[in-house]
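Here is a note on the structure for someone who has not seen it before. Please read the points with the model open beside them.

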Amino acid sequence: MAIERCFSHCTDKDKEHSENHLKEHARKRDNLMSLVSFVSIQKNTISSIKQAIMESLDLIEYSFKKEIKNVVIKPNMCYYWDYSTGQTTDPRFVALVIEILREKISPNVEISIVESDASAMKCKYAFKFLAYEKIAKQHNIKLVNLSEEEAEPVKAKVRNQNFSVTVPQIIKNADLRINIPKIKHISFCKISCALKNMFGCNPHPQKFKYHSKLSETIVALNKAMPFDLCILDGITVSGPPVSKLGLVMASQDPVAIDTAAAIIAGVNPKSVEHIVLGEKEDLGRTSFIAKGMNPNYFKRRYPQKTLTDKATTLGYRLVRVFGLEKRLMLK
Amino acid sequence: MGKIHARNCSKLQSANLIAVADISKKALKLVKKMGVTQTFTDYHQLIKQPNIDAVLISLPTHLHAPCAISAAEEGKHVFLEKPLARNPEEGKKIISAARKNNVRLMVGYPLRFSSTLRHLKNKLDSGVLGDIQTAHAFHIGSGPFYHRIEHAIPRPVPEWWLKKELTGGALLDLGSHMINLTRWYFGEINDIKAFLGHRFNFDFEDHAICVANFTSGTTATINLGWFSQKDAIGIELFGTVTHESGYHMRPRKIITAIQLLLGRTPGFSEVYLKEVSHFIRCIKENLQPSPSGDDALKDLETIARAYKNEIRLHRSNKYGNTKH
């Protein structure tokens, strides 16, 4: 049975228990807050994962418009790491989303999986190694390297500063854009999920150049090319330690899904700069209505860093602070 | 590998590292800091230098033959990283060039210099394990890919790693280590078959399991792979008297960090230092180095047989798991 929980900052007045007041509160809340669904995958089988994805979409009351002609899917690809490490989207998950799109929209809907070259990752190899070439063959979809696509500059204002974002035509012209992120702890931005996954839509390969203004860049990218739907693949999470979490989340609001992901991963969303900035810049809301399972169920199961992991993290941080990477042969 | 060898060679008492060739200017800058006086961006220039007695070649596999042959023809003794070459034909040309020019040829198999694995070999030879009926050798790691180490930013994989005609596959890359090690332990191989796996959809195998039968009567499985973020290198021997195993372990990160900060040779690169020291001693004392070119050629011939005798299994068609 679906459970609905409100993750917001309600005033005492709003909490009065008169029926009318509750109804009024619900109406206000539904207008102000985004829906985020939380579904547990019962078994690690294709049919269970598909069922969970469909349920997650039903819970946020998402319906695909029949007139959609072309869809862009942005999975998370990070270097050439295998999906079993929790670092990249499970290709089975993407294949199932494609199946659902074909069933719900039309068997002929044009689908493209997009990614761009990065400092250490070449798209042509990532598509091959991470099984997307297989998916493309089996499901008759396109694999698009955004670094080789036509694009145009779009201005996005963040913190009253103008950012010029290169928007690939394929994303601009898509009728439906789907983001399939992962939850990851990342040292330089605390948490990576839907908002950060858009980094891969930036066609410039030298992405580390943007790390000095990371939050602004993330928000600018999301403003310049807003995606319509986020479906989170939480089958495996990177931790550390890597764990099978069996979670599917869906939302139309990238800020809300990132907030939920942060809560599950044990990170205070208010301490994540790009989430806070995303809300300020109207990309979405940090208050959300949780549909489906209780997020705390997943929070309890989310892997906790061991003392060794914490010590290792601290060690690497010290190595960086003291500039010892070269001497320790890490660079 | 080149960086590790340069670091080690710069510390040797028995020889001087005087010249380095590398297409990377960054690498040349680094070796200049180590005291190297002559640097080149083209190895042809380096091997023509009259003041050089021996060269250490740490290049992608497809460049082993042209570079080693040129060096031998210039009268330089050659230490060549494993595998000897991409195939036995190329390997034979290297050996023939070394013989013709009367230079020493040694192939870098660091596991032969691991104290743990040498100790295990001594036990095996002493007979305390009885006859080794079966054995399991393994070399698992991440191959050309970066491990997911927190805070370490991965670097691009050089293109040559990803091309079959330039690099071979995991069986050639890692198999050469383990086939050499098992041949050292159990003698020549009578028969070998290999299962080749394609988790990452390369045009060549990223993991392999070989079953080999040796003249000594031992049957061994050799498990190789580029698929894991954690390294595992070792061998388990199952004898008629008792069992024993030996692992070539990477020392703990903290110990390695301390050793590096103190300017000492870290545990994991000690084997490389030992093999180069052995090579130099062989040149000075006019000895035949081991593992020799002929030894490494036998490994290449065995690998070629394993590729030929591929075991085909029915495999599921899951994403990211199999080729077929």
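**Notes on the model**

1. In chain A, helix α10 covers residues 273-280, and its buried residues are A:His274, A:Ile275, A:Leu277 and A:Gly278. Buried means under 20% relative accessible area, exposed means over 50%, and partly exposed lies in between, with a 1.4 Å probe and protein chains only. Helices (H or I, at least four residues) and strands (E, at least two) are DSSP runs, numbered from the N terminus.

2. This is a predicted model, in which local features need pLDDT of at least 70 and side-chain atom pairs count only at pLDDT 80 or more, while totals for chains, interfaces and linings use all residues. Residues are numbered from 1 along each chain as its sequence is written, chains are lettered from A and ligands numbered from 1 in the order in which they are written, and side-chain values use heavy atoms, with hydrogens and water left out.

3. The buried residues of α10(A) pack against several elements of chain A: β6 (151-158), β10 (190-192), α7 (194-197), α8 (214-224) and α9 (254-264). Contact here means heavy atoms within 4.5 Å.

4. Two packed helices are described by the angle between their axes and the distance between the axes. The axes of α9(A) and α10(A) come within 10 Å and cross at roughly 150 degrees. Axes are lines fitted to C-alpha atoms, for helices over the stretch in contact, and angles run from 0 to 180 degrees between N-to-C directions. Angles under 35 degrees count as roughly parallel, over 145 as roughly antiparallel, 65 to 115 as roughly perpendicular and the rest as oblique. The two helices α9(A) and α10(A) are therefore roughly antiparallel.

5. The crossing of α9(A) and α10(A) is left-handed. A crossing is left-handed if the near helix is turned anticlockwise from the far one by less than a right angle, and right-handed if clockwise. From α9(A), the contact is made by A:Val255, A:Asp258, A:Thr259 and A:Ala262, and from α10(A) by A:His274, A:Ile275, A:Gly278 and A:Glu279. By class, this contact of α9(A) with α10(A) has three nonpolar, three polar and two charged residues. Ala, Val, Leu, Ile, Met, Phe, Trp, Tyr, Cys and Pro count as nonpolar, Asp, Glu, Lys and Arg as charged, and the others, Gly among them, as polar.

6. Just after α10(A) comes A:Asp282, with a positive phi of about 65 degrees, in a residue other than glycine. A:Asp282 lies in the loop between α10 and β13 (288-292) of chain A. With a relative accessible area of 71%, A:Asp282 is exposed.

7. A:Arg159 also has a positive phi, about 50 degrees, although it is not a glycine. A:Arg159 sits in the loop between β6 and β7 (161-168) of chain A and is partly exposed at 37% relative accessibility.

8. A:Pro91, A:Val94, A:Ala95, A:Ile98, A:Glu99 and A:Arg102 of α3(A) meet A:Tyr132, A:Ile135 and A:His139 of α5(A). The contact of α3(A) with α5(A) has six nonpolar, one polar and two charged residues by class.

9. Is A:Asn145 buried or exposed? A:Asn145, found in strand β5 (residues 142-145) of chain A, is buried, with a relative accessible area of 11%. Leaving out residues up to four places away in sequence, A:Asn145 touches A:Glu115, A:Ser116, A:Asp117, A:Cys123 and A:Phe127.

10. Two cis peptide bonds can be checked. One runs from A:Pro240 to A:Pro241, with omega near -5 degrees, and A:Pro241 is in the loop between β11 (229-237) and β12 (243-251) of chain A. Another joins B:Lys82 and B:Pro83, with omega about -15 degrees, and B:Pro83 lies in the loop between β4 (77-81) and α5 (88-100) of chain B.

11. For chain A as a whole, the secondary structure comes to 12 helices and 13 strands. Buried residues make up 56% of its 331 residues.
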